[in-house]
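Reader: I would like a close look at one part of this model, followed by its surroundings. Please keep the account plain.

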Amino acid sequence: MNNQNKQKGIFRKILSDGWKSYEMKISVTILLIILIMTVFSPILFENDPVKINIKDKFLPPFFMETGSLKYIFGTDQLGRDLFVRSLVGLKNAFIIAFLSTVGMFLLGCLIGIISGYYGKFTDTVLMRITDIQMSIPVIILAITILGISRPNAFLIIIVLVLAGWPVYSRVSRSAALAEKEKEYVRAAKILGASNPRILFFHIAPVILPPIAFVSILDIARMMIFEAIFGFIGIGVQPPTPTFGTIISSGSQYLINYWWITVVPGFLLVLTLTCLNLIGGVLERSRNKILAGN
Amino acid sequence: MFLFILSFLIRRLAQGALIVFLVTFVIFALLRVIPGDPTRVILGPMASEEVRENAAIELGLNKPIPVQYLSYVKDLSKGDFGKSFIRGKQGGSMGGSQDSKGLDLEHRASVLELILKVLPKTLILAGIGIFFALFISVPIGILAGLKSESFFGKLSLYLSSFLVSLPNIWIALVLILVVSVNAGLLPAFGYKNITYAFLPAIVLAIEICPVLIRAFSVSVTSNLSETFYEIGIVRGISKFNMIFKHIIRNSLIPILNLFGAQLIGMVLGGLFVVEFIFNYPGLGLLAINAVFQRDFPIIQAIAVLASSALVIINIVVDLTASIIDRRLKF
C-alpha cells in the first residue's frame, strides 16, 4: 500500500513539475480554446460543415484581399466552409486517436505485464507475437483491412490499436520484470495473494502511470495516421469531413486554390504541436523525477 | 571470439527465419480471409462465375490456406516469387477491362523483376532521406544532450515537437506548392533522375528527425551522468576529448538499437506514404497499389522482403553494438 501511495505522489509531482514550464501553460490554453471551438462549433459558427454552396466556391481565407470573415479559412471546390469542416475533422480525428491510444495502452500493457511477470514460455510466446506484429508495416495492414468496404471509425480504431500495442507491451514488460523482484511483491505473495491479484492490484498501479504520460504523444501520432488514412481513401468516408479527405481533394486544386490544402493543415499542426509539447514536457519531468528517486 | 559470433549468428538467423515465416503467413492468411476477390480484379466485373472459378482453381486460390502457403513457401525456396496477378510484362495493369476468356499467366510480369526494377529508386530515396535527417539531427541532438538545461535543450524540445507534428501528407503538398510550383526549384512527381528524389527525401527526413534528435540528446545526457565521465575528468582527460572520444561513442549504442527496430520501421512506413503522395515509382507505391488491386504475389513478396530486411538489420545492429561497447555480451 505504501508503495502505491508513493506512486500517487510521483504522479502529482510529475504533473506539478510539468505545469511549472510556460510552454506547458501555453499549450494547454491553446488546446482548451480549440477544444471549446470544436465542441461548440454548431452553436458558435453558423456555417454547415457538409452543406454544398456552389455559388460560394473557391473563396479565399480572410487574410487575403478578396476574403471575408464569413469564411475564415475560405471555401473548397463545393463552397463548403473550410474552417467548420476543419473543426469537425479535428473532433473526429481526436476521438479516433484518443480511443485507439487507450485501446493500445490497455492491450499492450496487459500483454506486457503478463509476459514480464510470468516469464518463461508465456514470455517467449507473447514476445514473439509482439515481434511479428512489429514487423508488419502499418500502412499495408491498414489498406488490407480498411481497403475492402466502407471503412468506419470502429475499424480504423481496431487497425490503429493493432499497429500500436507492441511498443506498450515492450515497455511494460521490462517495467514488470524490474518490479516483480521487489520486496512488496514477495510480501504480497507470502501473504497468499494470487498472481492475478498481484498483477492487477499491486504491479499494474505502479508501472502504468509513468507509461501513460508518454501516451499523450501517441494521441498526436494516431491523429496523423487518421489523416493519412483519409488521404489514401481508407479513412472515414465522405461527406464526413476529415483532414485527409480535405487535403487530398484540395490537392487537385493546389496551384490555383492552394488554401484548401494548406490552411486547414495549420489548425491540425497547431493542435498536434500543443499535444506533443505537453507530452514532451511531461516526459522530461517524469525522467527528472524518476532519476531523482 | 569468432566462435561466439558464429553461434550468435546461427541462433539469431534461426529466430529471424521463424519470424519471417510467421509474418508472411499472417499477411498471407489475412489477404485470403478478408473479403476482396482477386479474380474479380483480374477478370473484370463482366466475367461469368464459371470463368472466375476456373481462374481461382488455376491460381490455387480454392485450396485451404495452409496448403496454399506451403506450396508458396516451396516455390520461395527455389527463388520463385511467382507472377503478378495484375501487372503485364510491359508494366501496365492488365486487370479489369480485359475480355473475360480467362487467365493468361504467361503475359503477367514476374514479381521478382518488378521488385528489382523499383528497389534501387526506393534505396536512393531512403538513403538521401536518412542522410538529410542525420545532417540536421546529429548536431542539434548532441548539443541539446550536452547542455540539456540550456537554450539547446529547449530548442531541441521545440524543434522535435514541431517536426513530429507535421503530417507527411500536408508538409509534402506545402513543399510541392512552395518549392516546385512557386519557386520551380525541384521536380515533384514521378521519377526521371535523382533530383526527383529530393523533395520526397526531405519529407521523409522531417518524419525521422524528431526521433533522432530525442534519441541523441537523451543518450548523451545519460552518458554524462555516468561515473566514467567524472573519473575521466579527474584523471586529467580534457572535457573535449571525453565528449568526442567517449561520450559520443557510447551514445551511439542506443541510437544503433533505435536504428534497428523503430527507425527502420518508421522509414519503411514513411516510404509507403511518401512514395504514394509523390507518385514516386518505388517499392512503397508498388505495395500500396498491389494491396488496392489485391495483387497477392506482390504483397507477399514485399512482406517477405520487408520482414527479412528488418530481421537482418536487427542482427547487424546487435553485432555492431557489441563491437562498439565491449561491455555488452552476445
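Reader: How many of the nine residues of helix α6 (residues 138-146) of chain A are buried?

Author: In this predicted model, seven of the nine residues of α6(A) are buried, which leaves the helix mostly covered. The buried positions are A:V138, A:I139 and A:I140, then A:A142, A:I143 and A:T144, and finally A:L146.

Another helix of chain A can be described through its packing against chain B. Helix α10 of chain A, residues 243-251, and α7(B) have axes that come within 10 Å and cross at roughly 25°. Angles under 35 degrees count as roughly parallel, so α10(A) and α7(B) are roughly parallel to each other. The crossing of α10(A) past α7(B) is left-handed. On the chain A side, A:G244, A:I247 and A:S251 make the contact, and they meet B:I169, B:W170 and B:L173 of α7(B). By class, four residues of this contact are nonpolar, two are polar and none is charged.

The contact between the chains as a whole takes 36 residues from chain A and 39 residues from chain B. On chain B, the elements that each supply at least two residues to the side touching chain A include α1 (2-33), α7 (168-182) and α10 (239-278). That side of chain B has 33 nonpolar and six polar residues, with no charged ones.

As for chain B itself, its secondary structure comes to twelve helices and two strands. From the N terminus, the order of elements is α-α-α-α-β-β-α-α-α-α-α-α-α-α. Of the 330 residues in chain B, 38% are buried. Among contacts in chain B between residues at least 6 apart in sequence, 75% join residues at least 24 apart.

How values were computed:
Residues are numbered from 1 along each chain as its sequence is written. Chains are lettered from A and ligands numbered from 1 in the order in which they are written. This is a predicted model: local features need pLDDT of at least 70, side-chain atom pairs count only at pLDDT 80 or more; totals for chains, interfaces and linings use all residues. Two residues are in contact if their C-beta atoms, placed from the backbone, lie within 7 Å. Helices (H or I, at least four residues) and strands (E, at least two) are DSSP runs, numbered from the N terminus. Ala, Val, Leu, Ile, Met, Phe, Trp, Tyr, Cys and Pro count as nonpolar, Asp, Glu, Lys and Arg as charged, and the others, Gly among them, as polar. A residue is buried if 20 or more other C-beta atoms lie within 10 Å of its own, exposed if 12 or fewer, and partly exposed in between; C-beta atoms are placed from the backbone. Axes are lines fitted to C-alpha atoms, for helices over the stretch in contact, and angles run from 0 to 180 degrees between N-to-C directions. Angles under 35 degrees count as roughly parallel, over 145 as roughly antiparallel, 65 to 115 as roughly perpendicular and the rest as oblique. A crossing is left-handed if the near helix is turned anticlockwise from the far one by less than a right angle, and right-handed if clockwise.
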